[in-house]
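Please look at the sequence and the 3D structure before reading on.

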Amino acid sequence: MIGIIDYGAGNLASIQNMLRRVEVDSIITSDVDALASVDKLILPGVGAFDRGIDNLHKSGLWDILNTRVLQDKVPILGICLGVQLFTEGSDEGTAEGLGWIKGRTVAFDRAKLLTTQKVPNMGWRNIEVQKDTPVTRDLPQDPRFYFVHSFHLQCEHPEDVIVTSHHGYQIQVGVQRENIIGLQFHPEKSHKFGMKLLTNFANSY
C-alpha cells in the first residue's frame, strides 16, 4: 500500500488515479497512524516552498515523515514541490527544508535562457537518465514528461542525480539517495511514461 501524503499542497487525486490505472493500491491521508503502516510514501506538491514546509509542521507530519524515511527506510517518492522540500532550502523562501537531499532548490538563471524560453518551465520536456535505477528502468523510448516549475534542484553530491533535462541549460530533475527518490516533473500527467515510472516505484525497493 502506498500512502499519498495530504498536507494541503498536492495534486492528490491525479496521482491516485494514475496509480489505479496501473493497478496499485493507495490511500490519500494525513493520518499519522495510517502513514506509520504503509509500505511506501508519495509526497506530492504544488505551490510555494515555505508554505509546503509550514504545512508539514502544522499538520503534525514532519516527525512521522522523518521517522519513516530516515529510521524505517521506507521508500518515498517526492513529486514537483515534494522533491524540492527534500532539499535543505530554497531561493523561493527562508524556511529550512527536510534536508534529506544535500543541496538547495534554486531559481532559474534567466541569463542562460533563450528569449523563447520562459519561467516557469511549463510543458513536455525530454529527460536524460543519468543513472540506472529501479525507478527509471525500461522507460518507453524517447522519454518525456510534463513539467511546471520556476525553481530547480542543485544537489551537493552529483551521485544523487539520476535524471536531468534541459531548459536553457542542463538542470537536475530526478534524484535518489538510498530510499529517497524525487522527481521535478509530474509522472501523474505524463501518460505512458508516467505510468511506467510509477509502476517501477510501486514494484521496486
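The model is predicted. In it, helices H1 and H6 are roughly perpendicular to each other, because angles of 65 to 115 degrees count as such and the angle at which H1 and H6 pack is about 80 degrees. H1 covers residues 12-21, H6 covers residues 191-203, and their axes are 10 Å apart. In general, two packed helices are described by the angle between their axes and the distance between the axes.

Which residues of H1 and H6 make the contact? On the H1 side they are Met18, Leu19 and Arg21, and on the H6 side they are His191, Met195 and Leu198. Sorted by class, the contact of H1 with H6 has four nonpolar residues, one polar residue and one charged residue.

**Helix H4 and the residue after it**

Helix H4 spans residues 62-71, and its buried residues are Trp62, Ile64, Leu65, Asn66, Arg68 and Val69. These buried residues pack against several elements. The strands among them are S1 (2-5), S3 (40-43), S4 (76-79) and S11 (180-183). The helices among them are H2 (32-35) and H3 (49-58).

H4 is followed by Lys73, which lies in the loop between H4 and S4. Lys73 is partly exposed, with a relative accessible area of 43%. Its phi is positive, at about 60 degrees, although Lys73 is not a glycine. Most residues other than glycine have a negative phi, and most peptide bonds are trans. Tyr205 is another residue with a positive phi that is not a glycine, and here the value is about 75 degrees. Tyr205 is found in the segment after H6.

The peptide bond from Val119 to Pro120 is cis, with omega near 10 degrees. Pro120 is placed in the loop between strand S5 (103-107) and strand S6 (121-129).

**Aromatic rings**

How many aromatic pairs are there? The count comes to seven. One of the pairs is formed by Phe201 and Tyr205, whose ring centres are 6.2 Å apart, with 50 degrees between the planes. Phe201 is buried, with a relative accessible area of 0%, whereas Tyr205 is partly exposed at 37%.

Phe145, Phe147, Phe185 and Phe193 form one aromatic cluster. Of these, Phe145 lies in strand S7. Is Phe145 buried or exposed? At 0% relative accessibility, Phe145 counts as buried, because the cut-off for buried is under 20%.

**Loop residues and distances**

Ser30 lies in the loop between strand S2 (26-29) and H2. Ser30 is partly exposed, with a relative accessible area of 38%. Not counting residues up to four places away in sequence, Ser30 touches Asp6 and Leu61.

Arg110 is found in the loop between S5 and S6, and it counts as exposed at 58% relative accessibility. Asp132 lies in the loop between S6 and strand S7 (144-149), and at 56% relative accessibility Asp132 is exposed too.

The table pairs residues by their places along the chain and the separation of their C-alpha atoms.

| Residue pair | Separation along the chain | C-alpha distance |
|---|---|---|
| Ser30 and His191 | 161 residues | 27 Å |
| Arg110 and Ile27 | 83 residues | 39 Å |
| Asp132 and Ile162 | 30 residues | 7.5 Å |
| Phe145 and Gly10 | 135 residues | 18 Å |

His191 in the table is also one of the H6 residues in the contact with H1.

Definitions and conventions. Residues numbered from 1 in each chain as written. Predicted model: local features only at pLDDT ≥ 70, side-chain atom pairs only at ≥ 80, totals over all residues. Heavy atoms only, no water. Phe/Tyr/Trp six-rings, centres within 6.5 Å; stacked < 30°, edge-to-face > 60°. Buried < 20%, exposed > 50% of the residue type's maximum accessible area, 1.4 Å probe, protein only. Axes fitted to C-alpha atoms, helices over the stretch in contact; angles between N-to-C directions. Helix = DSSP H or I, 4+ residues; strand = E, 2+ residues; numbered from the N terminus. Parallel < 35°, antiparallel > 145°, perpendicular 65-115°, else oblique. Contact = heavy atoms within 4.5 Å. Nonpolar A, V, L, I, M, F, W, Y, C, P; charged D, E, K, R; others polar.
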